[in-house]
Amino acid sequence: MAAAARRISSLLTRSSLLLSHGRNARAGSGVSRFSTAAVAEELIVPPVQISYTQHLIDGKFVDAASGKTFPTYDPRTAEVIAHVAEGDKEDIDRAVSAARKAFDEGPWPKMTPYERSRILLRFADLVEKHNDELAALETWNNGKPFEQSAKAEIPMLARLFRYYAGWADKIHGLTVPADGNHHVQTLHEPIGVAGQIIPWNFPLILFAWKVGPALACGNTIVLKTAEQTPLTALYAAKLFHEAGLPPGVLNIVSGFGPTVGAALASHMDVDKLAFTGSTETGKIVLELAARSNLKPVTLELGGKSPFIVCEDADVDKAVELAHFALFFNQGQCCCAGSRTYVHERVYDEFLEKAKARAMRRIVGDPFKQGTEQGPQIDSEQFQKVLRYIKAGIESDATLECGGERFGSKGYFVQPTVFSNVQDDMLIAKDEIFGPVQSILKFKHLDEVIRRANQTHYGLAAGVFTTNIDVANTLSRALRVGTVWVNCFDVFDAAIPFGGYKMSGIGREKGIYSLKNYLQVKAIVTPLRNPAWL
């Protein structure tokens with residue numbers, strides 16, 4: 001099962017094979033490089049119906065209290081897919097009330113952990129049964145390639161819930177030795193009502209990262225979806241209730257950050273908050289939580305991850321891995337290897353091959369087989385990426401390829417590569433969140449360590465070397481939450497994920513994520529005439 005979590009990385013290999021085996025044959029397929037053909041052609045109609053657009057509160061799909069809706073878009077065309085219930089404070093109040101009642105009075109936290117585990121396992125079975133529908137919704141609403149959704153992300157969704165189902169009946173406290181005649185034990189109890197805010201770049205994967213451990217620990221949830229991608233969480237929640245989840249345990253409210261997000265972060269009856277998104281928004285969420293009831297907060301925020309190619313590297317393999325580390329998911333990945341540091345001895349060769357690889361990247365309709373890159377999520381992100389490209393050009397970085405819109409419809413951006421990038425340029429400092437590779441040159445190991453750590457972020461890093469001593473030195477010196485050595489974006493369910501510095505607080509996945517959703521209670525009892533101490 002662990003292999004399923006590595007399928008994202010294996011997409012890189014499959015993409016390379018598609019390129020090498022069908023380049024000429026694909027000329028008439030509607031997928032092309034640096035042309036408008038892929039976007040101009042008639043797009044594939046997604047093979048799924050939109051069935052759930054309301055809030056989910058207390059086990060029922062309901063309209064927003066105000067009756068308002070907002071449009072959610074197809075990023076391939078900028079056309080409306082559906083209108084979704086637009087929440088506000090009143091909807092959050094209703095959802096929190098349902099979650100509180102389900103926690104205080106309902107069966108979920110009182111169930112045996114084994115019973116909770118069985119529901120999580122049934123949900124994972126239903127995810128697999130509805131794999132293609134979930135994948136189609138994810139691609140339609142987000143723009144990521146359907147092959148990525150169907151073959152990597154939905155299987156990973158099921159794997160993550162099976163992982164947390166396995167933890168549900170293994171959460172327990174300790175017996176603690178104490179000085180004197182006392183029996184001391186600790187209990188690990190659910191924290192209560194968990195507020196959760198998920199982003200748009202990996203809607204279902206982040207749904208699992210948040211919902212899985214919270215439910216395994218016996219909590220109830222109010223989850224806010226990203227306004228750009230509200231559809232798949234609602235579909236998944238329907239499957240959860242088919243699996244036997246009691247009403248009120250999982251509530252979902254769609255809407256915008258300043259209204260729904262702020263109301264959830266500020267709510268006095270929410271016991272814990274988890275947020276994934278930008279560092280700027282994370283600061284606001286943390287402040288709102290502190291000003292309300294001082295609820296504990298976990299944050300998974302931005303990054304500007306270095307990908308370090310050492311002088312002993314196999315350049316061809318390094319180019320392919322660095323390409324994947326940056327361009328995967330349209331570059332919309334918080335841990336993207338967005339600062340590609342290359343040793344001066346291999347820099348020129350690496351640059352030419354990286355440029356050639358970017359020029360071969362297949363951009364187009366994400367529902368077409370073989371497409372490697374779909375559109376950016378929306379107009380705001382699309383324009384942001386283009387502004388950073390312009391900033392790179394104006395700062396005298398060398399634009400090697402790309403740099404413009406792809407096609408004339410939707411939010412497609414050409415795969416872009418910059419060389420001669422300096423650490424003080426905006427494209428080397430800021431999180432672009434798009435298909436823009438910045439290649440920087442270094443001479444010495446101590447130098448690249450200093451430069452790599454000279455950032456407010458500390459989410460992840462990639463190291464490409466055949467020298468175990470170099471790998472060990474870099475792994476320990478880089479101030480980041482994850483270091484991938486000769487690999488990248490390996491997201492196994494058991495591997496903790498989170499950041500140093502302004503990349504966040506706490507860890508997602510693995511055993512560490514359970515601590516986010518548990519309280520520790522110490523119980524001390526006198527011992528009368530104990531047989532032993």
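Which residue does Arg 451 meet in a salt bridge, side chain to side chain? The partner is Glu 447, with 2.6 Å from N to O. The notes below place this pair among other features of the structure, which is a predicted model.

1. **Domains.** The protein is divided into two parts: domain 1 covers 55-302 together with 508-519, and domain 2 covers 306-492. Taken over C-alpha atoms, the centres of domain 1 and domain 2 are separated by 31 Å. To their contact, domain 1 contributes 29 residues and domain 2 contributes 30 residues.

2. **The interface.** Between domain 1 and domain 2 an area of about 2,400 Å² is buried, and carbon and sulfur atoms give 60% of it. On the side of domain 1, Arg 76, Trp 200 and Gly 302 supply 25% of the area buried against domain 2, more than any other three residues. The interface also holds nine residue pairs in polar contact, both residues being at pLDDT 80 or more. Two salt bridges are found across the interface.

3. **Arg 76 and its partners.** Side chains of opposite charge can pair when their charged atoms come close. Arg 76 forms a salt bridge with Asp 365, and the closest N and O atoms are 3.0 Å apart. The side chain of Arg 76 also meets that of Asp 74 in a salt bridge, at 2.8 Å from N to O. Arg 76 has a relative accessible area of 3% and is therefore buried, since buried means under 20%. Asp 74, at 6% relative accessibility, counts as buried by that cut-off.

4. **Other salt bridges.** The whole structure contains 27 salt bridges. One of them joins Glu 227 and Lys 224, whose closest N and O atoms are 3.3 Å apart. Lys 224 is buried, with a relative accessible area of 3%, whereas Glu 227 counts as partly exposed because its relative accessibility is 24%.

5. **Aromatic rings.** The count of aromatic pairs comes to 20. Among them is the pair of Phe 406 and Phe 412, which is tilted, with 6.3 Å from centre to centre and 50° between the planes. Both Phe 406 and Phe 412 are buried. Elsewhere, one aromatic cluster is formed by Trp 209, Phe 307, Trp 484, Phe 488, Phe 491 and Phe 497.

6. **Charges over rings.** Two further residues deserve a look for their position relative to a ring. Lys 441 places its charged end over the ring of Tyr 347, 4.7 Å from the ring centre. Arg 116 lies over the face of Trp 108, and the distance to the ring centre is 6.0 Å.

Terms used: Residues are numbered from 1 along each chain as its sequence is written. This is a predicted model: local features need pLDDT of at least 70, side-chain atom pairs count only at pLDDT 80 or more; totals for chains, interfaces and linings use all residues. Side-chain values use heavy atoms; hydrogens and water are left out. Rings of Phe, Tyr and Trp (its six-membered ring) pair if their centres lie within 6.5 Å; planes under 30 degrees apart count as stacked, over 60 as edge-to-face and the rest as tilted. Buried means under 20% relative accessible area, exposed over 50%, partly exposed in between (1.4 Å probe, protein chains only). A charge sits over a ring if NZ of Lys or CZ of Arg is within 6 Å of the ring centre and within 35 degrees of the ring normal. Domain bounds come from an automatic or database domain assignment. Contact means heavy atoms within 4.5 Å. Buried area is the accessible area (1.4 Å probe) that two parts lose on being put together, summed over both. A salt bridge is a side-chain nitrogen of Lys or Arg within 4 Å of a carboxyl oxygen of Asp or Glu. A polar contact is a pair of N or O atoms within 3.5 Å; within protein, one must be able to donate a hydrogen and the other to accept it, and residues adjacent in sequence count only if both atoms are side-chain atoms.
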